[in-house]
Amino acid sequence: MIKAGLKWMCLIIGTMIGAGYASGRELWEFFGSESGLAIILFSILFSICCLVIMGISFRQKTIHYLPVLQLLMGKKLTRLYDYMIILYLFSVTVIMLAGGGATLEVVNLPYWLGIILISGLLIVLFFWDTKGITSMNSLVVPVLIVFLVGILLSFQSLQGFSITLNLNEQKNWPSAFTFTALNILPLVAVLAGIGSEIKTKGEIWIASIGSGVTLGGISFLYNESLIRVAHDIMFYEIPLFAILKHYPYVMVLVMSGLLWVAIYTTAASGLFGLATRFRKYVSVPLWALAFFLILSMIPLTKIGFSTLIAVLYPLYGVLNLYILASILLYPIARNYDNET
């Protein structure tokens with residue numbers, strides 16, 4: 001039970017810690033100063049969301065996210081959110097493919113070769129079906145966390161660990177809801193895809209509480225570190241490099257590698273959500289479905305998606321608040337239905 005719970009925990013964290021999170025950009029956009037309480041609230045909200053989604057997936061023995069959406073949103077709204085999730089997962093995976101190519105340009109690999117490399121590694125991963133992505137996350141995510149936390153602790157050590165939490169200065173606490181909401185779609189898509197493989201409720205509790213506490217702790221440490229270099233962040237597209245500017249260049253290379261890994265895990269999670277959604281319509285192996293999906297994505301990596309994302313992300317942020325509310329209220333609604 002513990003081993004399985006930790007495996008699902010790594011899957012959740014791997015879905016959450018994408019390139020945006022690992023680079024610090026996502027955290028800095030939502031948090032910053034006066035955000036300690038917001039991060040604590042996010043940790044609690046995230047754990048509750050994981051508990052509810054995995055609980056539904058476990059009871060329904062789901063292999064994709066539609067049954068979960070129907071219970072949360074009703075049949076009418078499910079169609080809208082189904083299209084949203086497909087568009088979200090597709091666009092994010094395309095961007096990750098492009099990011100994978102761009103990141104490897106740091107080591108002088110051509111952009112197109114980087115895209116082919118990350119695409120090939122993604123297809124290979126799906127030869128092992130669901131076990132491929134869970135095994136990859138179980139191996140990669142702990143390494144990613146260790147390196148990231150190691151760098152942040154080292155930085156805090158140089159700064160004298162001047163971390164404080166003044167409850168009288170926590171005006172940014174509402175960000176907990178928007179930050180959680182923006183990460184709900186991939187969470188629903190991925191966790192609903194493993195419902196048939198969850199064996200016990202204990203696995204759900206370990207994965208949900210473990211991922212919430214881990215992500216909350218890393219987010220708090222990361223945010224406090226970014227606050228210390230706030231005056232430099234405007235000069236860096238990747239805020240993490242503002243922390244690394246006084247470190248040897250080899251650390252920049254190491255973290256560039258880790259960012260590529262974060263891109264890979266995000267792309268894998270997005271592709272997994274899409275593949276499990278469509279697998280019931282086609283009688284082909286999961287790797288073949290992943291191959292055809294990637295084939296349709298590669299031409300789009302040449303298009304600039306910044307405008308598309310600038311429109312989509314705010315839309316997701318607003319619409320996701322509704323699904324977040326549905327998830328948080330589901331246990332109350334379910335108990336009421338059982339009583340009546």
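Analyst: Leu-319 counts as partly exposed, because its relative accessibility is 25%. The scale is simple: buried means under 20% relative accessible area, exposed means over 50%, and partly exposed lies in between (1.4 Å probe, protein chains only). This is a predicted model, in which local features need pLDDT of at least 70 and side-chain atom pairs count only at pLDDT 80 or more, while totals for chains, interfaces and linings use all residues. Residues are numbered from 1 along each chain as its sequence is written, and side-chain values use heavy atoms, with hydrogens and water left out.

Leu-319 sits in helix 16, residues 306-339. Helices here are DSSP runs of H or I with at least four residues; strands are E runs of at least two; both are numbered from the N terminus. Leaving out residues up to four places away in sequence, Leu-319 touches Tyr-81 and Met-84. Touching, or contact, means heavy atoms within 4.5 Å. Leu-319 and Ala-181 are 138 residues apart in sequence, yet their C-alpha atoms are 8.6 Å apart in space.

Now a buried threonine. Thr-62 lies in the loop between helix 4 (36-60) and helix 5 (66-73). Thr-62 counts as buried because its relative accessibility is 3%. A polar atom of the Thr-62 side chain lies 2.7 Å from the backbone oxygen of Ala-192. A polar contact is a pair of N or O atoms within 3.5 Å; within protein, one must be able to donate a hydrogen and the other to accept it, and residues adjacent in sequence count only if both atoms are side-chain atoms. Beyond its neighbours within four places in sequence, Thr-62 contacts several residues, among them Ala-192, Gly-193, Ile-194, Gly-195 and Ser-196.

Thr-265 is in helix 14, residues 249-278. Thr-265 is buried, at 1% relative accessibility. A polar atom of its side chain lies 2.8 Å from the backbone oxygen of Ala-262. Outside four places in sequence, Thr-265 touches Gly-14, Ile-17, Met-136, Asn-137 and Val-140.

Helix 1 (residues 2-16) has 15 residues and spans 21 Å from its first C-alpha to its last, close to the 21 Å expected at 1.5 Å a residue. That expected span is 1.5 Å times one less than the number of residues. Eleven of the 15 residues of helix 1 are buried, including Trp-8, Cys-10 and Gly-14. Lys-7 lies over the face of Trp-8, 4.5 Å from the ring centre. The rule for that: NZ of Lys or CZ of Arg within 6 Å of the ring centre and within 35 degrees of the ring normal.

Cys-10 is buried, at 10% relative accessibility. Cys-49 is also buried, at 0%. The model has zero disulfides, a disulfide being a pair of cysteine sulfur atoms within 2.5 Å. The closest cysteine sulfur to that of Cys-49 belongs to Cys-50, and it is 7.0 Å away, too far for a bond.

Last, the rings. There are eight aromatic pairs. Phe-42 and Phe-46 form a tilted one, 5.6 Å centre to centre with 50 degrees between the planes. Rings of Phe, Tyr and Trp (its six-membered ring) pair if their centres lie within 6.5 Å; planes under 30 degrees apart are stacked, over 60 edge-to-face, the rest tilted. Phe-42 and Phe-46 are four residues apart in helix 4, so about one helical turn separates them. Phe-42 is buried at 0%, and Phe-46 is buried at 2%.
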